[in-house]
Amino acid sequence: MKISILTLFPEMFAPLEQSIIGRAREKKLVEINVVNIRDYSLDKHKKCDDYAFGGGAGMLMTAQPVCDAIEAVDPTRKALRIYTSPKGKKLTQAEVRRLAGFEEILLLCGHYEGIDQRAIDLEIDEEISIGDYILTGGELPAMVIVDSVCRYVDGVLGSEQSAQEETFCDDLLEYPQYTRPAEFRGLKVPEVLLNGNHKEINLWRRQRQVGLTRERRPDLAKDNSAIEEHDRYMAQQQEKERKRLLRKQKKERKIKDEE
């Protein structure tokens, strides 16, 4: 995957050289290019902002350097062009998976009070928000998008299972996890995780996922097919157990009558 990030403040993206994303870049699993929009300004002082027509607080990024930077980086419009904006559709795990399907992504980071709308109309395919709050610029949202999307690139994570079982897969929150020691400050690891019975472990984990999602994120729990499937399974298991107990009781009565 190739990701281009257009920003007025390229130094803010140093974190993408660290940890998992940094190693993925070293291994050439992902290519991340951070482009300074100021390099494309025709102003002799490399100015990229101006006052808004109609008045208002703050400055706007001007269209010329933004458009020229985008067209230089993506001259054939091969990339999906995204503007990180609080007006955009909210980033979800489903949206992350969709973005991970593109070979090239271009992220435009706004700053100050935003960007001249003409640059957005001419160059941008879609706008994405990471939440219902306002930040000083689009750099942090761009990093969030890069980090979340790169996790789906083959080889970036140590285990493909990590991406499949993490929070929000199936729109469920992740189950609690534990490591050694088995007891810490009086708190013990749930016994089911120590017995080696993978069927029971998987069931325990699913139950915790469903319970946490219902408790903390009722919006995700509503009309959730994974929860409905789990509820059907648990109902079937309860019915099987009820029938098993009935058979056991009948057998015990029969033995007692014969005696």
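## Helix H2 and its packing

The buried residues of helix H2 pack against S1, strand S4 (59-61), S5, S6 and H4. H2 spans residues 63-73, and its buried positions are Ala-63, Pro-65, Val-66, Cys-67, Ala-69 and Ile-70. The model described here is predicted.

In soluble globular proteins, nonpolar side chains tend to be buried together. The largest nonpolar core here has 26 residues, and Ile-5, Leu-99 and Leu-107 touch the most other members. At least two residues of this core come from each of strand S1 (2-7), helix H1 (19-26), strand S5 (80-90), helix H3 (93-99), strand S6 (104-109) and helix H5 (139-150). H5 gives the largest share, six residues.

Not counting residues up to four places away in sequence, Ile-5 touches Phe-13, Leu-16, Ile-32, Asn-33, Val-34, Val-35, Leu-107, Cys-109, Ala-142 and Val-146. Another core, of 20 residues, lies apart from the largest one; Ala-63, Ala-69, Leu-108 and Ile-115 are among its members.

## His-111

His-111 sits in the loop between S6 and helix H4 (117-123). His-111 is buried, with a relative accessible area of 12%, because the cut-off for buried is under 20%. Leaving aside neighbours within four places in sequence, its contacts are Leu-8, Phe-9, Met-61, Thr-136, Gly-137 and Glu-139.

## Salt bridges

Side chains of opposite charge can pair when their charged atoms come close. The structure holds 15 salt bridges. One of them joins Asp-132 and Lys-90, with the closest N and O atoms 3.2 Å apart. This pair links distant parts of the chain, 42 residues apart: Asp-132 is in the loop between strand S7 (126-129) and H5, and Lys-90 is in strand S5. Asp-132 is exposed at 68% relative accessibility, whereas Lys-90 is partly exposed at 44%.

Glu-95 and Arg-98 form a salt bridge at 2.3 Å, N to O. Both residues are in helix H3, and because they are three residues apart, about one helical turn separates them. Glu-95 counts as buried at 11% relative accessibility, while Arg-98 is partly exposed at 31%.

Asp-170 pairs with Arg-206 in a salt bridge whose closest N and O atoms are 3.3 Å apart. Asp-170 lies in the loop between helix H6 (160-165) and strand S8 (183-184) and Arg-206 in helix H7 (residues 198-216), so the bridge ties together parts 36 residues apart in sequence. Asp-170 is partly exposed at 45% relative accessibility, and Arg-206 is partly exposed at 24%.

Key
Residues numbered from 1 in each chain as written. Predicted model: local features only at pLDDT ≥ 70, side-chain atom pairs only at ≥ 80, totals over all residues. Heavy atoms only, no water. Core = buried A, V, L, I, M, F, W, Y, C linked by side-chain atoms within 4.5 Å. Buried < 20%, exposed > 50% of the residue type's maximum accessible area, 1.4 Å probe, protein only. Helix = DSSP H or I, 4+ residues; strand = E, 2+ residues; numbered from the N terminus. Contact = heavy atoms within 4.5 Å. Salt bridge = Lys/Arg side-chain N within 4 Å of Asp/Glu carboxyl O.
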